Amino acid sequence: MIMELDFTGDVPIYLQIRNQVVLGIARGELKIGETLPTVRQLASDIGVNPMTVNKAYAILRQDGLIQTDRRQGTQVCEFQKEKITESFYKNLELVLAEAVVYKLGEDDIEQLIFDIFKNFNQRGGIK
Amino acid sequence: MMQLILSAVCLVLLVIVLISGLSLASQKANGKLLVVSLSRADAQHPEVGKITADYKRKLCLGGGLAALLSLVFLIPGLPDSLAFFLMTAFMALVLGGSTIILEHSRMRLLAFKKEQGWIYGNPQVIRVDTAVSRDKKSYSAQLAYLLPPLALSFLPLAWIIGKPQLQVNLPIYGALLGPFFMAIHLWIHHWIQNRHISIPTVDPERNAALVKLEQRELSRASLWLTWLSLVFWLILSFQVIWDPFDMMILAVASVLLIAVDLCIVLRAAGRIRLSQILYCDPGKEIIVDDDYFWHYGSYNNPSDPRVMVEKQSFGGGMIFNLGNPRGRLYNRLVLGAVGIFIALILGFMLSFDLGGIKVVDQGTVIRVDVPVFGTIVNKADIESVSIIDQMPKSIRTNGLGGSNLSLGQFTAQGYGKSLFFIHNDQSPYIVIKLRDKYLFINGRDRVETEEILGIFKTGR
């Protein structure tokens, strides 16, 4: 998976790393069980402090998207619906609130969601 | 001899700068042409071809002029300090001149690029391929393969520790040079394994294939160079221990080693370049449009958090990001250290060229005044004083072997441990046998030598 990080953007780098991994899993660019680079290696390649990558990995671990094993390293793990956190609902609520502000109806939102899922599936993402 | 070495160093630098400068005129895997980002299609434009041809012409012309200028080192009797100063000035001229030629052509290309409206995305976006980042270390030869040469490099040290009498030819600190250079090889190999690699395409499979080949070639080259360096070190150290006065085998070995090293490096570079051409897909290349952060070979991007970035101009390696406060600080420290180092060496050499050798009779002792290597000879220690017309073969153990002066501790063939205070090629030479060593001394000319001879003869 190719991670793209914008250093001039307002989004903190650790959050960008976290979002890129989530997008990568959804698009199928990161497979279940695939090992991610080590914190030090990724930090060195991006050119940031290892603490930044560590923070991103910690959030992903908390979200149940990755798991760290001493022998295998950090791997993408099977996601369980039960693990959906409260922050997910809050984020979704915020996105839908924005949609309402932009005067999008239920059908429009449904169509958008359909298109996004179609895009994920076309790339071989999680079905 | 010293002038020949300096002249050779300058010519080698000139050749390296010319080769790497000319290589900038052909497009690299990251799309850079004359340190300007261009897509492969845009690089085919005839005007781009004209600018690169003009750059090559100017660089070759500058190189020819510099080669002519290097003849100055062949002026006979050049003082060491002046020769060193000229070498530093020559290097600065070659590096500065080629950078100015590159920057001039670069600005022309940039202006043309702007005129054509060729823009390739946001330069502030950094791309990392997670698979490459994870696997690049495993693609290269293991660091463990370099441990045997490191261990074997201690052999000469073990030998001279076992036989302390051999330490006359090779002192312990000299025997530690081999392991030190092996450790540098180890560090370079570690750096190759972990270095930052720019992602060439948006296709992860191509990236993996390219990086795999690049890492394998570079690490194998590093491995071969390490083993060859070990062979050279063993030949050098055993030759110095065995027969320090005959360096013919070593000279032949050096030439062979440099030739084989060059072949290994060129082979690796050629294979990497070929793979980049073969694997590159014009539609899928990633071009980082960061032209405006590069000026005169330096990189200045305050938004880039990296302290060091890949060098784009002459030669490979990394340079500091001057937009980063830490990068700026390190850059100043390195430049300051280099400046101080050059000034110290120049001052050191000037002190010898201006000071010369002075001999003063002080009653019971004779003082030989020379910067750093001066000594006091007790008259009671002088056993004999004689004159020779030709200096014996010698090796320097702890002294200065300049083109005009030889000072300090040497081992002379047929004499053994000796102290040299010699103006080279100014025959005759005075040989003073002391209780535990020999002292070789002469003046700037025959008259001065006879004066010195008088002082030592009265002392006897």
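**A tour of chains B and A**

Start in chain B and select B:Leu34, which sits in the loop between β1 (32–33) and β2 (36–37). What you have open is a predicted model. Check the backbone here: the phi of B:Leu34 is positive, about 55°, although this residue is not a glycine. Most residues other than glycine have a negative phi. Is B:Leu34 buried or exposed? With a relative accessible area of 0%, B:Leu34 is buried.

Next, select B:Val35, which is in the loop between β1 and β2 of chain B. B:Val35 is not a glycine, yet its phi is positive as well, about 60°. Its relative accessibility is 5%, so B:Val35 counts as buried, the cut-off being under 20%.

Stay in chain B and go to B:Pro428, in the loop between β14 (416–423) and β15 (429–433). Show the peptide bond that joins B:Ser427 and B:Pro428: this bond is cis, with omega at about 0°. Most peptide bonds are trans.

Now turn to chain A for the second largest pocket. Which residues lie nearest its centre? Select A:Val22, A:Ala26, A:Phe88, A:Phe117 and A:Phe120. They belong to a lining of 36 residues. To see where the lining comes from, colour α1 (13–27), α3 (50–62), α4 (86–101) and α5 (106–122) of chain A, the elements that each give two or more residues to this pocket. The space inside is about 1700 Å³.

Key: Residues numbered from 1 in each chain as written. Chains lettered and ligands numbered in written order. Predicted model: local features only at pLDDT ≥ 70, side-chain atom pairs only at ≥ 80, totals over all residues. Heavy atoms only, no water. Helix = DSSP H or I, 4+ residues; strand = E, 2+ residues; numbered from the N terminus. Buried < 20%, exposed > 50% of the residue type's maximum accessible area, 1.4 Å probe, protein only. 1 Å grid on protein atoms, 1.4 Å probe; cavity = no way out; pocket = protein on both sides within 12 Å on 5 of 7 lines; lining within 4 Å. Points joined across faces, edges and corners; volume = space filled by probe spheres on them.
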